[in-house]
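Thank you all for coming.

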Amino acid sequence: MLEQAAALLLACVCYVASIGIFRLSQRHVLALPVFTSVFLVVVSCAMFGLSPFDFSSRTQTLRAVMDIAVVAMAVPLHQVCRRLGALLVPLFLGLLLASFVSVAGVLVSGWLLEMPWQITAAVAPKAATMPVALTLVQSVGADQTIAVTAVLLTGVLGALLTPPLLRHLGVRDERIQAFALGVSAHAIGLVRTQAQYPDHMDLAVAGMCGNALMTTILCSFLLS
């Protein structure tokens, strides 16, 4: 019990420190708390001689809280759908296309490159939230370490590349940009949305939740 409490305290301290680093960096995308907190946890485990796998097993309570938080995000998703009006249908169709390309693209690429199925299955749900991706990967027996890496890289690259790509395509509507960040970069996209488009956080949450739902449905069919 004491070791579990110490691991939870370490996780909270690392997260609070990562928020401070993010603010000191003036909200730079490379200093996003989701990324720096993982780095701080790994460094702390090395300093205290704690295995990251032991740390993970002792912080399962946080995993349960994350699952509850993901379910609770259905509330802003419902509210957004009610107020989007004419924009709802094109955003929904874009979400469907993005989710399908994200999952099917990995499966086709893995088949063409003759990658082991366990690696392909671990990377496929990369655009979903971390709890959703880990649950999907665990259900098919794929490597969770690869899944975590894929989700983090997708979030960082999505947060970095989505805004300039949309600007290059002539998309100036902040609502669409916020939604796209949620779809392409999940939780990391929410952080960048909060920094750039704070008035449209609900749209970013809707994009993240919608993509997580669609990814779950697609992976349930395509990975089984």
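Before I name any partners, let me say that by contact I mean heavy atoms within 4.5 Å, and please keep in mind throughout that this is a predicted model.

With that in hand, take Val 103: if we leave aside its neighbours within four places in sequence, Val 103 is in contact with Ala 124, Thr 215, Leu 218, Cys 219 and Leu 222. Val 103 also belongs to the largest nonpolar core, which has 21 residues, and there Val 103, Ala 124 and Leu 223 are the ones that touch the most other members. At least two residues of this core come from each of α6, α7 (117-123), α8 (130-139), α9 and α11 (201-222), and the greatest contribution is that of α8, with 6 residues. Apart from this core lies another, made up of 8 residues, including Phe 22, Leu 32, Val 156 and Ile 188.

Now to the second largest pocket, which holds about 570 Å³ of space. Its lining consists of 25 residues, and those that lie nearest the centre are Ala 98, Thr 162, Ala 180, Val 183 and Ser 184. The elements giving two or more residues to that lining are α6 (88-112), α9 (144-168) and α10 (174-196), with α9 giving the most, at 8 residues.

What is the lining of this pocket like by class? It has 17 nonpolar residues, 7 polar ones and 1 charged.

Notes
Residues are numbered from 1 along each chain as its sequence is written. This is a predicted model: local features need pLDDT of at least 70, side-chain atom pairs count only at pLDDT 80 or more; totals for chains, interfaces and linings use all residues. Side-chain values use heavy atoms; hydrogens and water are left out. On a 1 Å grid over the protein atoms alone, a cavity is a set of points where a 1.4 Å probe fits but cannot get out, and a pocket is an open set with protein on both sides within 12 Å along at least five of seven lines; lining residues have an atom within 4 Å of a point. Grid points are joined across faces, edges and corners, and a volume is the space filled by probe spheres set on the points. Helices (H or I, at least four residues) and strands (E, at least two) are DSSP runs, numbered from the N terminus. Ala, Val, Leu, Ile, Met, Phe, Trp, Tyr, Cys and Pro count as nonpolar, Asp, Glu, Lys and Arg as charged, and the others, Gly among them, as polar. A nonpolar core is a set of buried Ala, Val, Leu, Ile, Met, Phe, Trp, Tyr and Cys residues joined through side-chain atoms within 4.5 Å. Buried means under 20% relative accessible area, exposed over 50%, partly exposed in between (1.4 Å probe, protein chains only).
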